[in-house]
Amino acid sequence: MGGRTARPERGSATRELILATAERLFAEYGVHAVSNRQISEAAGQGNSAAVGYHFGTKADLIRAIARRHADEMEQLRAWMVAEAAGSTDVRDWVACLVRPFTRHLEAQGSPTWYARFRAQVMADPALYQITVEESLPSPSLRLLVDGLNRCLSDLPPTVREERWAMARHVIVHMCVERERALAEGAPTLHPSWDDLATSLIDAIAGLWHAPVTPHP
């Protein structure tokens with residue numbers, strides 16, 4: 001009886017170890033610079049094909065990493081979106097966009113790798129599509145987008161779409177700055193993740209309220 005229950009547990013632990021190792025290596029060296037074999041070896045797996053056995057292709061591995069973080073952030077965002085329901089204040093909705101990400105990173109301890117992993121993936125169109133697909137089922141994200149767009153109904157749809165992209169990049173890359181500094185023991189711009197989140201909310205709310213110059 002004991003052997004039958006221990007084996008799945010070992011398999012789960014191995015999967016988690018591979019996920020954590022892959023995320024770190026991707027963050028440090030780039031997704032395309034790291035092979036599945038290198039991940040297996042760095043995770044201490046005697047079988048160099050362990051990544052393929054547990055996850056399949058590199059794209060499948062990327063999806064598994066993205067899904068693990070998306071599931072945890074969904075819980076944080078769902079609570080915040082419920083609190084913001086009915087608000088007409090842009091800042092309330094921007095907070096729902098920013099704080100689940102920064103609080104998730106804070107909860108990981110230090111060092112973290114997810115912001116740098118996310119930045120690597122965002123730079124690759126095919127891999128970025130994977131993270132988009134993982135976020136599509138999120139009920140809280142759909143409510144967040146609807147809530148913020150209602151506050152910005154005077155903005156042309158193309159401008160809203162562009163500023164959504166700007167906001168995503170600002171959030172990820174400012175979190176990369178802090179994450180890297182913490183990992184290297186270097187000074188950070190803010191004393192805490194919460195302070196960085198407040199600064200990001202200020203900046204992104206300003207971005208949404210910025211004037212729109214008409215095209216000739």
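Q: What do the angle and the distance between two packed helices refer to?
A: Two packed helices are described by the angle between their axes and the distance between those axes. An axis is a line fitted to C-alpha atoms, over the stretch in contact for helices. The angle runs from 0 to 180 degrees between N-to-C directions.

Q: What values describe the packing of helix H4 and helix H5?
A: This is a predicted model. In it, H4 covers residues 58-84 and H5 covers residues 90-107. Their axes are 9 Å apart and form an angle of about 150°. The crossing is right-handed.

Q: Which residues of H4 and H5 meet?
A: On the H4 side, they include His69, Met73, Leu76, Trp79 and Met80. On the H5 side, they include Trp93, Cys96, Arg99, Phe101 and Arg103. Contact requires heavy atoms within 4.5 Å. The residues of this contact divide into 11 nonpolar, 2 polar and 5 charged.

Q: Why is arginine 103 called partly exposed?
A: Buried means under 20% relative accessible area, and exposed means over 50%. Arginine 103 has 33%, so it is partly exposed.

Q: Where does arginine 103 lie, and what does it touch?
A: Arginine 103 lies in helix H5. Leaving aside neighbours within four places in sequence, arginine 103 is in contact with Leu76, Trp79, Met80 and Asp194. Arginine 103 and methionine 73 are 30 residues apart in sequence. In space, their C-alpha atoms are 8.5 Å apart.

Q: How many helices and strands does the chain have?
A: The chain has 10 helices and 0 strands. Of its 216 residues, 41% count as buried. The C-alpha trace spans about 65 × 40 × 35 Å along its principal axes.

Q: How do you know where the predictor is confident?
A: Look at pLDDT, the predictor's confidence in each residue, from 0 to 100. The chain has a mean pLDDT of 90, and 95% of its residues reach 70 or more. Over residues 1-8, pLDDT stays under 50. For that stretch the model has 0 contacts beyond four places in sequence. Where pLDDT is low, the predicted coordinates should not be read in detail.

Definitions and conventions. Residues numbered from 1 in each chain as written. Predicted model: local features only at pLDDT ≥ 70, side-chain atom pairs only at ≥ 80, totals over all residues. Heavy atoms only, no water. Helix = DSSP H or I, 4+ residues; strand = E, 2+ residues; numbered from the N terminus. Left-handed = near helix turned anticlockwise from the far one by under 90°. Nonpolar A, V, L, I, M, F, W, Y, C, P; charged D, E, K, R; others polar. Buried < 20%, exposed > 50% of the residue type's maximum accessible area, 1.4 Å probe, protein only.
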